[in-house]
Amino acid sequence: MGVLDVLLCCCCCLVLPCFAVEAQTAQLIVDASQASGRPISPTLFGLFFEEINHAGAGGLWAELVNNRGFEAGGPNTPSNIDPWSIIGSESSLLVSTDRSSCFERNKVALRMEVLCDSQGANICPAGGVGIYNPGFWGMNVEKGKTYSVTLYVRSSGAINVSVSLTSSNGLQTLAAENIMASVSEVSNWTKFNVLLVAKGTNPSSRLQLTTARKGLIWFDQVSAMPLDTYKGHGFRKDLVDMLADMKPQFLRFPGGCFVEGEWLRNAFRWKETIGQWEERPGHFGDVWMYWTDDGLGYFEFLQLAEDLGTRPIWVFNNGISHNDQVDTSNILPFVQEALDGIEFATGSPDSTWGSIRAAMGHPEPFDLRYVAVGNEDCGKKNYRGNYLKFYSAIKRAYPDIQIISNCDGSSHPLDHPADLYDFHVYTSASNMFSMAHQFDRTPRKGPKAFVSEYAVTGKDAGGGSLLAALAEAGFLIGLEKNSDVVEMASYAPLFVNANNKRWSPDAIVFNSSQLYGTPSYWVQCFFSESSGATIFNATLQTESSTSLLASAILWKSSEDQKTYLRIKIVNFGSNIVNLRIRVDGLEPNSVSMSGSTKTVLTSKNVMDENSFDEPKKVIPNLGLLENAGEEMDVGLSAHSFTSIDLLVEPSHLTTGADSSSISSS
């Protein structure tokens, strides 16, 4: 597999638009000599996952049941069971909740009193009565695939319960099995598991639990998972595949504001998200305003990073939410919670918390090297005091852990110790493009920047426009050039379920059965080989245009072991540009006449977006480069991002670390 395969996440569509505007001329001189080359941070580009927009619950985490433990309505009963609904009338069944569950941290269970029967005066309707769950705006059930349904049942009598996957109106049965048990088998809470093989496809399916037998039945912790998940670890395969295609060098999780909470009582607390899924209490994310059962917990995030072959970066709460704070004099319990979390990830299987990780099926430690103390909390009254407590304790116990501060050190030195500092930017397209020079004047000594959240937002972005992506491409070129002071960067947010757009734009849009990448996603793919590559001096010469930005890197393909000089150019302007490229520092005839490529991201209108109807409207267009050489002329479309990969002989060049040294297996 060569550069045609690995250049971008996916490339197709070969028709480029034409712009009836005056062409400009420019020259790009690349100094590809050994003296010019500088190593790019091996961790420069990665991922930031936040539980926002139902990115995890109803997205990345493949659980199909929404509110599986009936806890979303709160601890007081009777409670709201939404989105569960009743099948049947009040004359045939009564449904409520009580606190009779066998799980100490999840006491709420569903109580169903069936008033009808299979015979007698009050006969149940055809198909029985019961409850159904529509999942997260419909369950995607696919013909031939197997779904594992687990549930806990208790009853005052013998049971005959039908477990089925049906269409949204219940009229089409896609898969069904019956659970039959005597009263002695279900007089106490009993776990049942059924495998349902779908005989049809429906992206808007629901799960039904029905019966035609009179009596009292309790249900709790009802789960439905496809067996076919990413590496068998419970992640939705098509979504993780898109992440893997980006070749990320790190995964920051689980937020974001999700870590803080509007109030501390609703913040993400890692200890509540580990262990058996039935025993996790779940919590209401009061920033993005939805319930999560926390099936996607601390352990699963660490597992996802490992499955992607990348480095986990754990962001933990430092005793500060949006509305309340723990005083520094009282912060030590939170510090201990962070230390316990590091031990859970990295401790031996004989340690207190490492043993719990081992019991969950992962005796080997996870490769946790980075932690972030809070999120966007630098301006809060107690942040610095709290931060110093965390910093001192972590460095004493784990001196090799890299600690990330929330305070920006790009323009002036930090007033506290840190290994890295967070830098977040959400702005207009023009501002983002100009920020390509943001780190040009940053002090070259001291902690390095972690640009952990960036995106064009507002009118320029729409739901994910070409204009936004081009501005971000310019910004990322600036980060490449300043990777001596910028160690990491990630776009935000990563995912959005199209049914719950709490934030827009996002990199990947999905629903129960479909997905697509926005132009911003595709721009990130252009940089998938940059981490650990070698960057050269690239000088643009133009009389008038300030709308061009360019970089040149040398990278080695892990697939074909060949070396490529990648030249990336953003044309942020409305004019076509005839660009002459000259590559100095190479031996004569170093550039192969075959095997070189040109990839272009553009569209007819800068505000064009992708959609479920047109998922490939704005995607990279890949083709062979016919005139490859040390000197060549390249036409740049207006409002475009162009990437040229020149196949070169590397014998006299010194490359950086292999950009694929950390990759998914």
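1. How many bridges join strand β22 to β23, and do the two run parallel or antiparallel? Strand β22 (residues 448-456) is joined to β23 by 4 bridges, and the two run parallel; tyrosine 454 has tyrosine 491 in β23 as its bridge partner. From β22 the chain passes through helix α10 (residues 466-481) to β23 in a right-handed β-α-β crossover, that is, clockwise from the first strand over the helix to the second when the strands point away from the viewer. Helices (H or I, at least four residues) and strands (E, at least two) are DSSP runs, numbered from the N terminus.

2. The model is predicted, with pLDDT of at least 70 needed for local features and 80 or more for side-chain atom pairs, while totals for chains, interfaces and linings use all residues. Residues are numbered from 1 along each chain as its sequence is written, and side-chain values use heavy atoms, leaving out hydrogens and water.

3. An open sheet of 8 strands has the order β3-β15-β18-β19-β20-β21-β22-β23, with parallel pairing, where two strands pair if DSSP finds at least two bridges between them. Its edge strands, β3 (47-48) and β23, each pair on one side only.

4. Strand β23 (residues 486-491) is mostly covered, since 6 of its 6 residues are buried (under 20% relative accessible area, with a 1.4 Å probe and protein chains only).

Terms used. Buried < 20%, exposed > 50% of the residue type's maximum accessible area, 1.4 Å probe, protein only.
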